[in-house]
Structure formats: C-alpha cells, structure tokens
Amino acid sequence: DLDGTVADFYGGLRPIAAEWLGKLVEALPAEVSYGLPEWGIRPNEYDELHRFAVTQRALFRTLAPVPGAGPALRRLAYDRNVRIRIVTHRLYIKYAHQLAVRQTIEWLDQQGIPYWDLCFLRDKGAVGADLYIDDRPTYLEALLQEDRRVIIFSNSTHRSLPGLRADNWEQAEGLVLEALQEWHARTA
C-alpha cells in the first residue's frame, strides 16, 4: 500500500483539509479515525475534499514519505532482492485517474521508492502477494478474512484490529525479513 504506509496521507491531507474547512491546521488533530469526523468532515463531504486535494493541490505528488519507508524499501529491494509490488486504490475519483496515476509515479520516482509492479485496484488480495503491508481497516479486514499474510501498519484508525503489527518501518522491515527467511526455508 502507499497511503498511510509509505506516504504520509493524513499528514499531507491535514493542511489541505484545514484550508477546505477554513480552520487552522493546529485545530485538526493528528490522531483521526476513518472518515475524519475529528476534523469536522461531514459523512458525504470526504469525496469532495479528496477531489479538491488531488486535482487542485496535487496531494499525491506532494505527500511526505513515512519516516524510514524509502531506505527500508531500498534495502529490501536491492540488498535482499524482495520483489515490491505497490497496490493502491488511488483511482478513487471519477474522471481524475490520469492525474492520480501521474502524481503517483512522479512521487515514487522523486522519493526513490523501488517497485516491480504498480497496481491501481481496490481488491488488493487479487494480486496474490506472499505478504501485504497496509493500514486501511477495510482492506486489512478483507485480507485477513482471505487468510492473507498481512502486516498491519499502525495508525489511529485501527488500533483494536488484531494481527501482525508494525508501528514503524524498522519493525516492518524486520517482519518482512522474517517472512522472507520463512519463504526461503519452505522453497529450499
């Protein structure tokens, strides 16, 4: 996944939401739940905020990386020969797909994030990965229901969800290396 795992989605959306709502950034808490009610986003308002953020503020091109993500992914790809497949559902906004894809590729290149494949789809389990890293509760629940091996990248939207969990990229990298060792042992 990208948003919330490799790219700091909520951190990048927060100043845009403050502008959208006419509030100070400091008035919007960093700890949020899915749908952003803590920021005052009404149930049917999120889609318009998202459209504004991507089409008018280039959200996907301007996000900061999650600390440690780039170096950890480069070590996994180049030192350990891990095949990284990025699976994201950034084609969320009708009639803005080209913009979302372009911003995503530009961001990945700018940040030096290695990847073998880049998949834009909602059903992340369809790619058949050996191991997933994600942070969105609905995707995590679906992957876990399908008995997929998944690392829950921690954030405030899913603190109670049980499973293999990483609070940062140092932990995530360690869990990936453990899974890689197990995979090598099984295939030897």
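Trp20 is partly exposed, with a relative accessibility of 31%; in the classification applied here, buried means under 20% relative accessible area, exposed over 50%, and partly exposed in between (1.4 Å probe, protein chains only). The structure is a predicted model, in which local features need pLDDT of at least 70 and side-chain atom pairs count only at pLDDT 80 or more, whereas totals for chains, interfaces and linings use all residues. Residues are numbered from 1 along each chain as its sequence is written, and side-chain values use heavy atoms, with hydrogens and water left out.

The structure contains 4 aromatic pairs, defined for rings of Phe, Tyr and Trp (its six-membered ring) whose centres lie within 6.5 Å; planes under 30 degrees apart count as stacked, over 60 as edge-to-face and the rest as tilted. One of these pairs joins Trp20 and Phe52 in a tilted arrangement, with 5.2 Å centre to centre and 45 degrees between the planes. Trp20 belongs to helix H1 (residues 9-21) and Phe52 to helix H2 (residues 46-57), so the contact ties together parts that are 32 residues apart in sequence. Helices (H or I, at least four residues) and strands (E, at least two) are DSSP runs, numbered from the N terminus. Phe52 is buried, at a relative accessible area of 16%. An edge-to-face pair is formed by Phe9 and Tyr10, with 5.6 Å between centres and 70 degrees between planes; both Phe9 and Tyr10 are buried.

Charged side chains also sit over aromatic rings, a contact that requires NZ of Lys or CZ of Arg within 6 Å of the ring centre and within 35 degrees of the ring normal. The charged end of Arg90 is placed over the ring of Phe60, 3.9 Å from its centre. For Arg136, the charged end lies over the ring of Tyr139 at 4.8 Å from its centre.

Strands S1 (residues 85-88) and S2 run parallel and are joined by 4 bridges, where pairing requires that DSSP find at least two bridges between two strands. Phe120 in S2 is the bridge partner of Thr88. In a regular strand the side chains alternate between the two faces of the sheet. Strand S2 (residues 117-120) presents Asp117 and Cys119 on its covered face, and Leu118 and Phe120 on the uncovered one. Together with helix H5 (residues 97-111), S1 and S2 make a right-handed β-α-β unit; right-handed denotes that, with the strands pointing away from the viewer, the path from the first strand over the helix to the second runs clockwise.

Gly174 lies in helix H7 (residues 169-187) and is partly exposed, with a relative accessible area of 28%.
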